[in-house]
Each structure stands twice: as structure tokens, then as C-alpha cells.
Amino acid sequence: ESKALGRNRFCYFTHSMQEAAQTRMAISNDLRRAIGNDQLTVFYQPIVDMHAGGIVKAEALLRWQHPENGEISPVDFIPIAEHTGMIVGIGNWVFQRALQQAGEWRITQPDFTVSVNVSPVQFYRSNEAYYREWLNNCKTLGGPPGAGPAVSIEITESLMMASDETVMDKLAAFQNAGIKISLDDFGTGYSSLSYLRKFNLDYLKIDQSFVHNLEQDTANCALCEAIIVMAHKLGLKVIAEGIETPGQRDMLARAGCDYGQGYLFGQPIPADQFDVLLKNAPPRLAGQPVHA
Ligand code: C2E
Ligand code: MG
Ligand code: MG
Ligand code: MG
């Protein structure tokens, strides 16, 4: 009887693995077509100055409108794009879009910056020529010169764990071109504080899992405060992700957090809607200074 059970479980397991593999295959085939068919768009989510108020940055977030299945989350398709290598082309496209868009927003707001997520695979798989083209684009596109590149990039801890020479060189090339680097989802990976010393980063993004229950969980609150103090002592600015309530905003502002991002300030929206948001938002409304 245990044999029968084993066999059943084995069958079930095989079946689900096969299904998962088929789903991945279908997504990767559809994604290949999506690229040429205008199914991918870039949305922008506001990032506000927690003290002065106002929208000062945006994060570029990829969206896929599938013709039959509706919107597919980047959480579901980015890993497949990474696995197949398609993320290199897709990531380049997102970067170009964001750069062009940031250049337009800089006409009215000269230091506005759009932050782009860059997958570790883009660092591993991109060659020198491709890389140089990126950096050149940053100089030619991106609005009036003087305020530095109009884009910044977000990387994750997994990239820094690789601590590969070529990765280090590529990060350094970004920084030499004046592109600021954020460490995304801080606190969720294998956070090793030694990276913060080894890599000369500009921003640290506190993961939303620390922010969500900030008002109920005093331990989380202590962690956020400690992260902010540590980051500042190392010369990094802090962005808190996933702020949904005024209470969370106020606690983070009191703890000295520099920038905030989350549904309280605005969801990710298409560029034309973001235009309206930027034009209509009185510079001090969105962030609502806490100590004013
Ligand atoms: P991320 O870079 O950490 O982006 C923040 C995610 O949190 C976004 O999810 C955003 O919509 C969501 N978010 C923002 N504020 C709130 C809030 O107040 N509450 C809640 N519950 N969620 C909030 P999204 O757009 O689904 O993206 C998920 C992840 O997919 C991103 O996490 C990023 O890792 C990846 N991703 C998205 N676009 C790109 C891209 O162009 N390239 C790469 N390589 N990855 C991307
Ligand atoms: Mg991000
Ligand atoms: Mg994040
Ligand atoms: Mg994330």
C-alpha cells in the first residue's frame, strides 16, 4: 500500500512539474512575441521626498498585457525572461524607454530621475560593446545636461554576492558615467553588511515587508530605524518601499528616511498619466512634510 501511495505521489509530482514546465514554455514563447507586438509597456510609480515633499523620482516598472490572459505580473515573467536570456533585450528596451521619458520630465523638473530595475543576468550576459552603447545613450538621451544622467539603476543583493570582477567593473562603469545605484529590497536577501562597504552605493531601498506592519510591530520599527541610521553613516540615502498609510509615512519620516514610495503616494501608472500627476501635484502636497 505504501508502494501505491508512492506511485500516486510520484505521478502527481511528475504531472505538476510537467505542467509548470509547460506554463514556463508557453510564457516564454508568448513573451518572445510580446516584444515585437507592443504588449510590453513601462509604468511609473512616484517616489517622494519625505521631508520637503513633492515627487522627485519615479521607478520604472514593466507591464505585460497578454492578448488572451490579461495582465501578467513581472513576478511571473521576469524569472522566465532571465532564464531564457530575453531579459537582456527587454531590459535594454526598458532602459531606453525610461531614459527618453526621464528626459522629457527633466524639461520641467531639471533633477527628476527615473530608476530602472536591472537584473543580475543583464550584468552577466551583456558584452562590452552592448554595455558601452548603454552608457553612451545615457549621455545623448536624457534631457538637458548638467544634472547628471536622468536614470538611476536598482540592483539586488544577489548581484553583489557574485562579487565577480566583471560585475564590479560594470558597476564601476555605471558610476563613472554618473549613474546612481540603489540596492533594492534591502533586508530580504542574504543581507551581508560587508557589501555596503565593498560597493559604493548611493541609495538603499528598505523592502516593503518591513514597512507593511510598521505600526503594529515594534521590532520591525526598530529595524527600520537602525537601517536608516546605518545607511546614513555610510553615506547612503534611504528610500522606503510599500508605504500605504499616513502612519507608516510619519514613522519613517521621524526616523529620518529620505524618500518614500508606495500606494499612499501613488500606484505605478502609464507615462501619460504620470505627466498629469507631475503637472497637477503641488510640489509639497504629495509628500506632506511631517515636521512642517
Ligand atoms: P521591485 O523592484 O521591488 O518593485 C516594487 C514592487 O512593489 C512593484 O511591483 C510595485 O508595484 C510594488 N509596490 C509599490 N508600492 C506598493 C505598495 O504600497 N504596496 C504593495 N503591496 N506593493 C507596492 P511590480 O510592479 O509587480 O514588480 C515586481 C517586481 O518585478 C519588481 O520589484 C522587480 O523586482 C521586478 N521588475 C519589474 N519591472 C522590472 C524590469 O523592468 N526589469 C527587471 N529586471 N525587473 C523588473
Ligand atoms: Mg525596484
Ligand atoms: Mg523593491
Ligand atoms: Mg522586489
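The model described here is predicted. Its secondary structure comes to 12 helices and 10 strands. Of the 292 residues in the protein chain, 46% are buried. Among contacts with a separation of 6 or more, 70% are accounted for by residues 24 or more positions apart.

### The magnesium sites

The magnesium ion (ligand 2) is coordinated at 2.0 to 2.2 Å by Glu59 (OE), Asn117 (OD1), Glu154 (OE) and Asp184 (OD). Along the sequence, these donor residues follow the spacing E-x57-N-x36-E-x29-D.

Asp184 and Glu241 are buried.

Asp184 connects the two sites: this residue bridges the magnesium ion (ligand 2) and the magnesium ion (ligand 3), which lie 3.9 Å apart.

### Strands around the donor residues

Strand 4 (residues 113-117) is mostly covered, as four of its five residues are buried. Strand 4 runs parallel to strand 2, and four bridges join the two. Within this pairing, Glu59 stands opposite Ser115 in strand 4. Strand 4 is also joined to strand 5 by four bridges, and these two strands run parallel. There, Val114 has Val151 in strand 5 as its bridge partner.

### Aromatic pairs

A search of the whole structure finds eight aromatic pairs. Two of them are set out below.

| Ring pair | Centre to centre | Angle between planes | Arrangement |
|---|---|---|---|
| Trp64 and Phe77 | 5.4 Å | 90 degrees | edge-to-face |
| Tyr203 and Tyr259 | 6.0 Å | 70 degrees | edge-to-face |

Because Trp64 lies in strand 2 and Phe77 in helix 2 (residues 74-84), their pair ties together parts that are 13 residues apart in sequence. Trp64 is buried, with a relative accessible area of 0%. Phe77 is likewise buried, with a relative accessible area of 0%.

The rings of Tyr203 and Tyr259 count as edge-to-face because their planes stand at 70 degrees, beyond the limit of over 60 for that class. This pair links distant parts of the chain, since Tyr203 is in strand 7 (residues 203-206) and Tyr259 in strand 9 (residues 259-261), 56 residues apart. Tyr203 has a relative accessibility of 12% and therefore counts as buried, the class being set at under 20%. Tyr259 is buried as well, with a relative accessible area of 14%.

Tyr259 has a further neighbour: Lys57 lies over the face of its ring, at 4.9 Å from the ring centre. Elsewhere, ring pairs link Tyr44, Trp105, Phe112 and Phe274 into a cluster.

Terms used. Residues numbered from 1 in each chain as written. Chains lettered and ligands numbered in written order. Predicted model: local features only at pLDDT ≥ 70, side-chain atom pairs only at ≥ 80, totals over all residues. Heavy atoms only, no water. Donors = N, O, S within 2.8 Å, 3.2 Å for Na, K, Ca; no water. Buried < 20%, exposed > 50% of the residue type's maximum accessible area, 1.4 Å probe, protein only. Contact = heavy atoms within 4.5 Å. Pairing = 2+ DSSP bridges. Phe/Tyr/Trp six-rings, centres within 6.5 Å; stacked < 30°, edge-to-face > 60°. Lys NZ or Arg CZ within 6 Å of the ring centre and 35° of its normal.
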